[in-house]
Amino acid sequence: MVSTTPNSDVRQKDADQALVVAISSSAVFEAADEGDEVHGVGVAFLLLQALQSVNRRLLAENPEELLLFDVLLITTDSRGQRQSARIVNSTKHYGLEVSRFCFASQDDFIESLLQNKVQLFLSTHQDEVSHASHRGVLSALLDQQTSLCPSEQLRVLFCGDEGPTPADSQAAQHFWCRLGAMRRRFGVLDSPLSIIAMTCRGGMDRCGDALKTLRSHDVSADEAYCLAGAPRGPILSVLRPHFLLGGLL
């Protein structure tokens, strides 16, 4: 059974105009001890703050802006569902702008993503990410490095070596087009949203192809890196992207 509750403390956004992002609550919060009123912060806490930073800048530029991040917090584990009040209270305690709270089982959480028109799903659980991708929802896996990313700028990495699955290729194209439109709302300097392109294999031609692919979807990269076979771990620790997404068809 799926239960979705709007957050009355946050102005609800138009899901047809906004970029809807669902994040697993277990990624945003760590499990609390019995008796604690709020959860500790998880690996995706700064990511959520970065999404809010983009929204604040967009609204500062145009108070009528509709192309905003619309955040849905989804809980799939039974313990989290029993602690639903604590999850809501934790969100309010930290001042997180979550539009809706969704509580679902592992069997039906995909339906909740589809019903809420989610355009990007983020989780620390590989099985959830794979399941969502196979059902056509663009998804990305978060790890511990996400907790080291900045909170004042959202950094999204486009990995030109990895193509989308056949199921989520259309979702990937739609997401990048919307993200590119959002990035164009800001200037070259001091943007709260940064798009990074990277290729791990091949030479400059392969990196150039990745940039052309982005531009074909009206997306301009702020930074581009051609690793030519070098390991990507060291540069990722410097770039600190909040999440990585595969290529486009």
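# Exercises on strands, cores and salt bridges

Strands S2 (residues 19–24) and S7 pair over three bridges in the parallel sense. Here two strands pair if DSSP finds at least two bridges between them. Helices (H or I, at least four residues) and strands (E, at least two) are DSSP runs, numbered from the N terminus.

This is a predicted model: local features need pLDDT of at least 70, side-chain atom pairs count only at pLDDT 80 or more, and totals for chains, interfaces and linings use all residues. Residues are numbered from 1 along each chain as its sequence is written, and side-chain values use heavy atoms, with hydrogens and water left out.

## Exercise 1: Strand S7 and its partners

**Task.** Find which residue stands opposite Leu 122 in S7. Then follow the chain from S7 to S8.

**Solution.** 
- Step 1. Opposite Leu 122 stands Ile 23.
- Step 2. Look at the side chains of S7 (residues 120–123). Leu 120 and Leu 122 point one way, Phe 121 and Ser 123 the other way, and all are buried. Buried means under 20% relative accessible area, exposed over 50%, partly exposed in between (1.4 Å probe, protein chains only).
- Step 3. S7 also runs parallel to strand S8 (residues 139–141), joined by three bridges. Ser 123 has Leu 141 in S8 as its bridge partner.
- Step 4. Between S7 and S8 the chain passes through helix H6 (residues 126–134), and this β-α-β crossover is right-handed. That is, with the strands pointing away from the viewer, the path from the first strand over the helix to the second runs clockwise.

## Exercise 2: The four-stranded sheet

**Task.** Give the strand order of the open sheet of four strands. Name its edge strands.

**Solution.** 
- Step 1. The order is S11-S10-S9-S12, with parallel pairing.
- Step 2. S11 and strand S12 (243–245) are the edges, since each pairs on one side only.
- Step 3. On average, neighbouring strands of this sheet are turned by 25 degrees against each other, direction ignored. Axes are lines fitted to C-alpha atoms, for helices over the stretch in contact, and angles run from 0 to 180 degrees between N-to-C directions.
- Step 4. Inside the sheet, strand S9 (residues 154–159) and S10 pair over six parallel bridges. Cys 159 has Met 198 in S10 as its bridge partner.
- Step 5. H2 lies across S9, S10 and S12 and runs at about 105 degrees to S9.

## Exercise 3: The nonpolar cores

**Task.** Which residues touch the most other members of the largest nonpolar core?

**Solution.** 
- Step 1. Start with the term. A nonpolar core is a set of buried Ala, Val, Leu, Ile, Met, Phe, Trp, Tyr and Cys residues joined through side-chain atoms within 4.5 Å.
- Step 2. The largest core has 49 residues, and Ile 23, Leu 154, Trp 176 and Phe 243 touch the most other members.
- Step 3. Check the contacts of Leu 154 (heavy atoms within 4.5 Å). Leaving out residues up to four places away in sequence, its contacts include Leu 47, Val 54, Phe 69 and Phe 243.
- Step 4. A second, separate core of 13 residues includes Ile 74, Cys 102, Phe 109 and Ala 132.
- Step 5. In soluble globular proteins, nonpolar side chains tend to be buried together.

## Exercise 4: Asp 190

**Task.** Is Asp 190 buried or exposed? Which residue forms a salt bridge with Asp 190?

**Solution.** 
- Step 1. Locate Asp 190. Asp 190 lies in the loop between helix H7 (169–183) and strand S10 (193–199).
- Step 2. Asp 190 counts as exposed because its relative accessibility is 64%.
- Step 3. Asp 190 has a positive phi of about 60 degrees, although it is not a glycine. Most residues other than glycine have a negative phi.- Step 4. The salt-bridge partner is Arg 57, the closest N and O atoms being 3.9 Å apart. A salt bridge is a side-chain nitrogen of Lys or Arg within 4 Å of a carboxyl oxygen of Asp or Glu.
- Step 4. This pair links distant parts of the chain, since Arg 57 is in helix H2, 133 residues apart from Asp 190. Arg 57 is partly exposed, at 28% relative accessibility.
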